[in-house]
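Reader: I have a model open and would like to go through it with you. Can you put it up?

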Amino acid sequence: MLPRLLYESLPLLYILTGLFFLVITTQPLLLFAGLLLYTCGTLIWVMRSGNRRTDNIRYANKRRMTPEWLYELQPFIQIGLVLLLWRQPLALWLQLLSLPLVAWALICLQRRSHSRHHKIPH
């Protein structure tokens, strides 16, 4: 059995390691490994988040027009799109304009994590 701190931080570790590989390398095998780590970390994060929901999913879905899977993956898709922008030889101003998109994605993830975390009695 893994210690709780390690278990809880594994998806974030996968995501960050995947992003690291995607940013620093141009080798196809390492790019594939980075994409695989990022995708697996994202899916684990979303599955855990869904398991920790305490709100009524049906009520939440009626308020949104997007499918549940798209809503859950939206912050990770935004981060991935910004990463693609930063890998392209674009103007610096365009890359800087993408930073609020990353900030918004991180805010969404933090809010979801905070609102879905079960209170575990000790």
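Reader: Let's begin with C40. Is it buried, partly exposed or exposed?
Author: C40 is partly exposed, with a relative accessible area of 36%. Buried means under 20% relative accessible area, exposed means over 50%, and partly exposed is in between, with a 1.4 Å probe and protein chains only.

Reader: And C108, buried or exposed?
Author: C108 is buried, at a relative accessible area of 11%.

Reader: How many disulfides are there?
Author: Zero, from a search of the whole structure. The criterion is a pair of cysteine sulfur atoms within 2.5 Å.

Reader: What sort of model is this, and how is it numbered?
Author: It is a predicted model, in which local features need pLDDT of at least 70 and side-chain atom pairs count only at pLDDT 80 or more, while totals for chains, interfaces and linings use all residues. Residues are numbered from 1 along each chain as its sequence is written, and side-chain values use heavy atoms, with hydrogens and water left out.

Reader: OK, the fold. Which elements does the protein have?
Author: Six helices and zero strands. From the N terminus on, the order is α-α-α-α-α-α. Helices (H or I, at least four residues) and strands (E, at least two) are DSSP runs, numbered from the N terminus.

Reader: What share of the residues is buried?
Author: Buried residues make up 26% of the 122 residues in the protein.

Reader: And the surface, how much of that is carbon and sulfur?
Author: The accessible surface is about 8,900 Å², and 73% of it belongs to carbon and sulfur atoms. Those areas come from the Shrake-Rupley method with a 1.4 Å probe; for residues, only the protein chains shown count as cover.

Reader: Switching to α1. What is its span?
Author: The end C-alpha atoms of α1 are 30 Å apart, which agrees with the 30 Å that its 21 residues should span at 1.5 Å a residue. The expected span is 1.5 Å times one less than the number of residues.

Reader: Where is the kink in α1?
Author: At L10, shortly before the proline P11, with an angle of about 45 degrees. The bend at a residue is the angle between axes fitted to the seven residues ending there and the seven starting there.

Reader: Which residues of α1 are buried, and what covers them?
Author: L10, P11, I15, G18, L19 and L22 are buried. The cover includes α2 and α4.

Reader: Then α4. What does that one look like?
Author: α4 covers residues 68–87, and its 20 residues reach 29 Å from first C-alpha to last, close to the expected 28 Å. A kink of about 50 degrees lies at Q74, shortly before the proline P75. Its buried residues are E72, P75, F76, Q78, I79, V82 and L83.

Reader: Q78 is a polar side chain. What does it touch?
Author: Leaving aside neighbours within four places in sequence, Q78 is in contact with L101, W104 and A105. Q78 has a relative accessible area of 14%, so it counts as buried.

Reader: Which residues form the largest nonpolar core?
Author: That core has 10 residues: I15, L19, L22, Y38, V46, F76, I79, L83, A105 and L109. The elements that give two or more residues to it are α1 (4–24), α2 (28–51), α4 and α6 (99–116). A nonpolar core is a set of buried Ala, Val, Leu, Ile, Met, Phe, Trp, Tyr and Cys residues joined through side-chain atoms within 4.5 Å.

Reader: Which residues does I79 touch?
Author: Not counting residues up to four places away in sequence, I79 touches L19, Y38, A105, L106 and L109.

Reader: And L109 itself?
Author: L109 lies in α6 and is buried, at 10% relative accessible area. Beyond its neighbours within four places in sequence, L109 is in contact with W45, P75, F76 and I79. L109 and V46 are 63 residues apart in sequence and 10.0 Å apart in space, C-alpha to C-alpha.

Reader: Last one, S98. Where does it sit?
Author: S98 is in the loop between α5 (92–97) and α6. S98 counts as buried because its relative accessibility is 5%. Leaving aside neighbours within four places in sequence, S98 is in contact with V82, L85 and W86.

Methods. Contact means heavy atoms within 4.5 Å.
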